[in-house]
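Dear colleague,

Here is the structure I promised to pass on to you. Please open it beside this message, and below it you will find what came out of going through it.

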Amino acid sequence: MDRPELGYYRIEGIVGCGRTGIVYLATDSRDGRAVALKVLREDVSVDPVYRERFRREGSLLAGLQHPNVMPIYDVGEIDGGLFIAARLVSGNLKGLIVDDELDVDVAMSILTAVAEAIDAAHEA
């Protein structure tokens with residue numbers, strides 16, 4: 001069975017859904033790399049304000065270079081659909097937090113990494 005495509009990205013599945021976008025697990029057909037492909041939802045993409053916000057988000061994220069910030073590989077528009085392609089990160093903190101399996105040292109390490117990423121974003 002053929003998988004749906006967005007340009008040179010082959011959609012493999014859904015990673016998550018939000019109010020304005022859907023994140024897909026996708027494969028970049030140019031190099032075979034698995035990516036997280038965030039796409040602005042069609043019902044939202046008709047609004048020029050959301051389109052501009054999404055473009056600005058992609059541009060700002062692509063400019064961030066920090067070890068604690070997920071790298072952006074590609075930002076663009078294909079057939080009217082706006083997308084951001086980023087490193088695919090596996091794992092889920094929610095499960096650790098909900099199941100009370102996150103010890104204090106690990107939590108502090110995660111919070112420190114997040115704080116450093118936020119600091120880098122504000123310096124950019």
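This is a predicted model: local features need pLDDT of at least 70, side-chain atom pairs count only at pLDDT 80 or more; totals for chains, interfaces and linings use all residues.

N68 sits in the loop that lies between α2 and β5, and, once residues up to four places away in sequence are set aside, N68 touches A113, E116 and A117. With A117 the separation along the chain is 49 residues, yet the C-alpha atoms of N68 and A117 are 5.3 Å apart.

Turning to the sheet, six strands form an open arrangement in the order β1-β2-β3-β4-β6-β5, and their pairing is antiparallel. At its edges are β1 (5-6) and β5 (72-78), each of which pairs on one side only. Helix α2, which covers residues 48-63, packs on this sheet and touches β4 (34-40), β5 and β6 (81-87), while the direction of α2 makes about 25 degrees with that of β6. Strands β1 and β2 run antiparallel and are joined by two bridges, and L6 has Y9 in β2 as its bridge partner.

Strand β2 (residues 9-17) also holds V15. On the surface, V15 forms a nonpolar patch with L25 and L88, and together these residues have about 210 Å² of accessible area.

Methods:
Residues are numbered from 1 along each chain as its sequence is written. Side-chain values use heavy atoms; hydrogens and water are left out. Patches are made of residues with over 30% relative accessible area and no salt bridge: like charges are joined within 9 Å, nonpolar side chains (Val, Leu, Ile, Met, Phe, Trp, Tyr) within 5 Å. Accessible areas come from the Shrake-Rupley method with a 1.4 Å probe; for residues, only the protein chains shown count as cover. A salt bridge is a side-chain nitrogen of Lys or Arg within 4 Å of a carboxyl oxygen of Asp or Glu. Helices (H or I, at least four residues) and strands (E, at least two) are DSSP runs, numbered from the N terminus. Two strands pair if DSSP finds at least two bridges between them. Contact means heavy atoms within 4.5 Å. Axes are lines fitted to C-alpha atoms, for helices over the stretch in contact, and angles run from 0 to 180 degrees between N-to-C directions.
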